[in-house]
Amino acid sequence: MSNPEEQPYGGWSSPITAELLVTGAAQISEVIADPVRPNLLWWAESRPDDGGRTAVMCCDLTNSNIQDSTQEVTPPDANVRTRVHEYGGGAWWTHDGVLYYVDYSDQRLRRLHPDSPEPILLTPEPATAGSLRYADGRVTPDGNWIICVHERHEPSDDSKVNNSAVDNNTSHPEPINELVAIPTDGSRQVKHLWQQSDFVMSPRISGDGKALAWISWDHPNMPWDSTRLHVYELNTGELSNSELTNPITEIGGNQSFCEPGWIIDDTGNQHLLVCSDHEGWWNLYEVDLPTGALIPQVTGEYDIATPPWVFGMQRWAGSGSNGTGLNGTGLNIAVVAGKPSGDELHVNGTHIPLPDTSISSLTMISSLQAVGECQQDEIRQGAGEVFLAYAGAGFAHETEVILVSRVGPAGLNARNACVSTFKPDKGQLSAEDTSFERIVVRPARDLNLDKALLVTPEHITFPTSSATAHALYYPPANPDFTGPPEERPPLMVLAHGGPTAQARRQLQLATLYWTSRGFAVVDVDYRGSTGYGRAYRQLLNAKWGVADVADCVAAAKYLANRGDIDPNRITIRGSSAGGFTALAALAFHDTFTAGASRYGIGDLAVLAKDTHKFEARYLDTLIGPWPAAADIYAARSPALHLDGFDAPMIVLQGSEDEIVPPSQAELIVDALKSKGVPVAYVLFEGEQHGFRQADNIVKALESELSFFAAVLGFTPADALPEIEIYGEL
């Protein structure tokens with residue numbers, strides 16, 4: 001290897017281009033094993049270079065070649081995406097090889113049979129396009145009904161006006177969120193089952209079809225604050241003419257329930273498991289149905305669940321065990337344990353060491369039947385064998401679909417069945433005395449990058465105002481370049497969205513885009529972030545715009561004091577809630593040289609009065625009730641405090657954003673223009689909350705690099721688009 005060339009930080013050339021982020025990329029999510037035909041493994045792929053559409057994929061794990069059996073099931077013009085809660089998720093589900101999905105174009109639910117080339121519409125056409133929305137469904141065991149979340153945006157005789165709509169001085173009632181039953185026969189009926197709360201999610205049907213569990217909550221709570229778990233009797237024969245009327249149990253209180261699910265043990269008994277954070281962490285419990293008591297199953301100082309910003313999240317899985325099982329229950333249970341350093345996979349209390357640091361979806365597969373003879377390069381299923389499949393990513397690879405099996409004579413099942421796999425992708429993993437095999441079912445892209453570019457970040461903790469905060473620190477890394485000895489690199493501080501989210505523990509090409517050009521990057525898990533327990537998450541309550549900003553400032557100062565970065569070239573960048581944090585940091589602190597906001601919030605009062613139902617009362621917790629706390633809203637709104645806003649800013653915005661409307665972006669841009677602060681504004685037509693189209697993703701990133709180069713005074717090696725900057729630098 002030749003000696004690296006000395007070049008100023010920021011001006012290094014890099015093979016990690018903006019186009020690399022999107023060309024052939026696929027965001028893989030929601031890995032699901034078919035509940036009736038477990039040999040069929042399904043997942044979703046969102047593709048930026050295909051207009052940002054989402055397709056559903058399927059493979060047959062018992063096929064002689066898994067790769068050959070993998071196919072896109074949805075039609076080539078389908079975009080599988082629901083607008084329930086605007087954030088969506090859970091837009092598809094399967095039963096006995098049949099796919100049910102919501103298309104973004106009209107939000108109507110469809111059934112797609114493997115033997116039929118055209119999907120069948122299952123829901124009626126609404127009076128207003130896209131006003132009837134569906135999500136998070138499951139099919140009854142007899143295959144006749146779907147029970148799912150329904151969101152109605154058009155008035156009807158039984159529509160209600162929520163108190164929140166009145167409190168927030170909105171001129172229209174909020175949409176109705178409810179549970180409905182829809183027949184799978186194409187008759188386009190919608191039967192209203194339950195409507196007694198502001199929100200519902202995760203309807204889950206017991207394996208015998210006799211019970212239904214779901215979660216509800218009301219304003220001003222968010223689903224990670226306080227929810228209720230409901231269990232009702234279910235009679236599928238009476239769904240056509242009956243609402244749910246016979247409760248089995250209901251649990252509430254100061255806790256967040258999420259990810260309920262049923263397991264059938266080997267004697268046919270139904271077990272309801274759910275994640276709850278009543279002991280400080282989202283751990284897994286079994287519900288004693290007669291009493292509502294929560295019986296610990298998998299507990300520890302880690303979060304199994306994650307905040308349900310979207311539907312369809314599942315980070316635990318279970319099945320019968322053909323034996324005693326975990327805690328004597330006759331169950332196999334696998335969970336994803338979220339740790340500060342990354343996710344861990346635990347099966348029946350055993351940690352399986354995997355190269356994946358982020359697992360977004362987990363499913364369990366049992367009773368696989370082989371096709372044909374087992375070959376030498378195929379895995380062999382023994383008595384009681386259980387397979388796990390998940391979507392996993394690491395710091396060295398993007399998300400893949402992975403199959404994990406316990407192998408060897410101590411394996412769980414003994415049927416001598418087998419499952420084919422790819423020779424190059426197999427790797428033995430061992431934990432204690434048990435051997436596991438990891439098979440890549442759907443590989444990530446081959447990025448063809450030097451490993452020296454793939455930075456594994458340092459998890460840092462640092463003091464902040466009355467607390468300790470966390471972050472992931474990425475130093476500059478490019479084997480072809482080094483900075484001048486007298487120069488330290490500029491720092492980019494990343495403020496994640498949510499704000500109830502966290503820095504991602506996986507390969508982030510958008511981050512390496514900067515580190516490979518000579519930037520240091522720190523991704524801050526400020527107070528309020530997920531992954532450190534309920535108490536840390538609640539440290540942001542009433543302090544949004546203060547605690548998060550202070551932690552971003554503290555992270556930058558910590559790295560400056562440590563000698564890692566140039567204290568005179570510190571930038572901050574954020575999207576959505578992170579965009580607000582970036583704006584507030586520039587308005588109220590002089591730490592940062594420049595900033596970038598993607599669909600961030602400038603005026604909190606405007607957001608309180610003009611946002612969608614899901615987050616209509618979120619600010620009650622983060623700031624205070626509106627309008628009673630109007631003075632606090634004003635005090636923390638960056639657009640109302642231009643006296644301290646002297647740092648240059650680039651603002652990027654989607655024209656069709658319903659969560660943070662363009663008016664928010666234009667408010668801050670116009671305010672900075674009037675003051676003479678250098679500002680650039682890039683509006684993307686047709687984009688919503690988050691950029692999904694390949695050309696826009698590329699333009700947004702390159703525009704930020706062009707802007708920061710002009711502000712920080714380095715010459716980028718890239719050919720970048722010209723952007724208009726208002727005001728003198």
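1. In this predicted model, the side chains of Arg534 and Asp277 form a salt bridge, with N and O 2.7 Å apart. Arg534 belongs to helix H4 (residues 534–537) and Asp277 to the loop between strand S19 (270–276) and strand S20 (283–288), so the bridge ties together parts that lie 257 residues apart in sequence. Both Arg534 and Asp277 are buried.

2. A second salt bridge joins Asp525 to Arg505, at 2.9 Å from N to O. Asp525 is in strand S37 (residues 520–525), while Arg505 is in the loop between strand S36 (491–495) and helix H3 (509–515); the two residues are 20 apart and the pair links distant parts of the chain. Asp525 has a relative accessible area of 0% and is buried. Arg505, at 4% relative accessibility, is also counted as buried.

3. Glu151 and Arg133 make a further salt bridge, with an N to O distance of 3.7 Å. The cut-off for a salt bridge is 4 Å. The pair connects distant parts of the chain, since Glu151 sits in strand S11 (residues 145–152) and Arg133 in strand S10 (residues 132–139), 18 residues apart. Glu151 is buried at a relative accessible area of 4%, and Arg133 is buried at 6%.

4. Over the whole structure, 30 salt bridges are found. Salt bridges also link Glu45, Arg47, Asp50, Arg53, Glu72 and Arg442 into a network.

5. Strand S34 (residues 467–474) has six of its eight residues buried, so the strand is largely enclosed by the rest of the structure. S34 runs antiparallel to strand S33 (residues 458–464), and seven bridges join the two. Within that pairing, Ile460 faces Ala471 of S34. The hairpin of S33 and S34 has two residues between the strands, and in it Ser466 adopts a positive phi near 60°.

6. S34 is also joined to S37, by five bridges and in antiparallel fashion. Here Tyr473 is opposite Val522 of S37.

7. Helix H5 (residues 547–562) consists of 16 residues and spans 22 Å between its first and last C-alpha, close to the 22 Å expected at 1.5 Å a residue. The helix is mostly covered, with twelve of the 16 residues buried. Among the buried residues are Ala547, Asp548, Val549, Asp551, Cys552, Val553, Leu559 and Ala560. The cover over the buried residues of H5 includes S33, S34, S36, S37, strand S38 (570–575) and helix H6 (577–588). Gly563 follows H5 and has a positive phi, near 90°.

8. Of the rings, Phe199 and Trp217 are worth checking in the viewer. The structure holds 25 aromatic pairs. Phe199 and Trp217 form a stacked one, with centres 5.0 Å apart and 15° between the planes. Phe199 is in strand S14 (residues 199–205) and Trp217 in strand S15 (residues 211–217), 18 residues apart, and the pair links distant parts of the chain. Relative accessibility is 0% for Phe199 and 0% for Trp217, and each counts as buried.

9. Phe462 and Tyr558 form a tilted aromatic pair, 6.0 Å from centre to centre with 35° between the planes. Phe462 lies in strand S33 and Tyr558 in helix H5, so this pair ties together parts 96 residues apart in sequence. Phe462 is buried, at a relative accessible area of 1%, whereas Tyr558 is partly exposed at 26%.

10. Phe199 and Trp217 also belong to an aromatic cluster together with Tyr87, Trp224, Trp309, Phe614 and Tyr618. The ring of Phe199 has the charged end of Lys613 over it, 4.9 Å from the ring centre. Elsewhere, the charged end of Arg537 sits over the ring of Trp282 at 4.2 Å from its centre. Arg537 is within the residue range of helix H4 (534–537).

Definitions and conventions: Residues are numbered from 1 along each chain as its sequence is written. This is a predicted model: local features need pLDDT of at least 70, side-chain atom pairs count only at pLDDT 80 or more; totals for chains, interfaces and linings use all residues. Side-chain values use heavy atoms; hydrogens and water are left out. Helices (H or I, at least four residues) and strands (E, at least two) are DSSP runs, numbered from the N terminus. Buried means under 20% relative accessible area, exposed over 50%, partly exposed in between (1.4 Å probe, protein chains only). Two strands pair if DSSP finds at least two bridges between them. The expected span of a helix is 1.5 Å times one less than its number of residues. Contact means heavy atoms within 4.5 Å. Rings of Phe, Tyr and Trp (its six-membered ring) pair if their centres lie within 6.5 Å; planes under 30 degrees apart count as stacked, over 60 as edge-to-face and the rest as tilted. A charge sits over a ring if NZ of Lys or CZ of Arg is within 6 Å of the ring centre and within 35 degrees of the ring normal.
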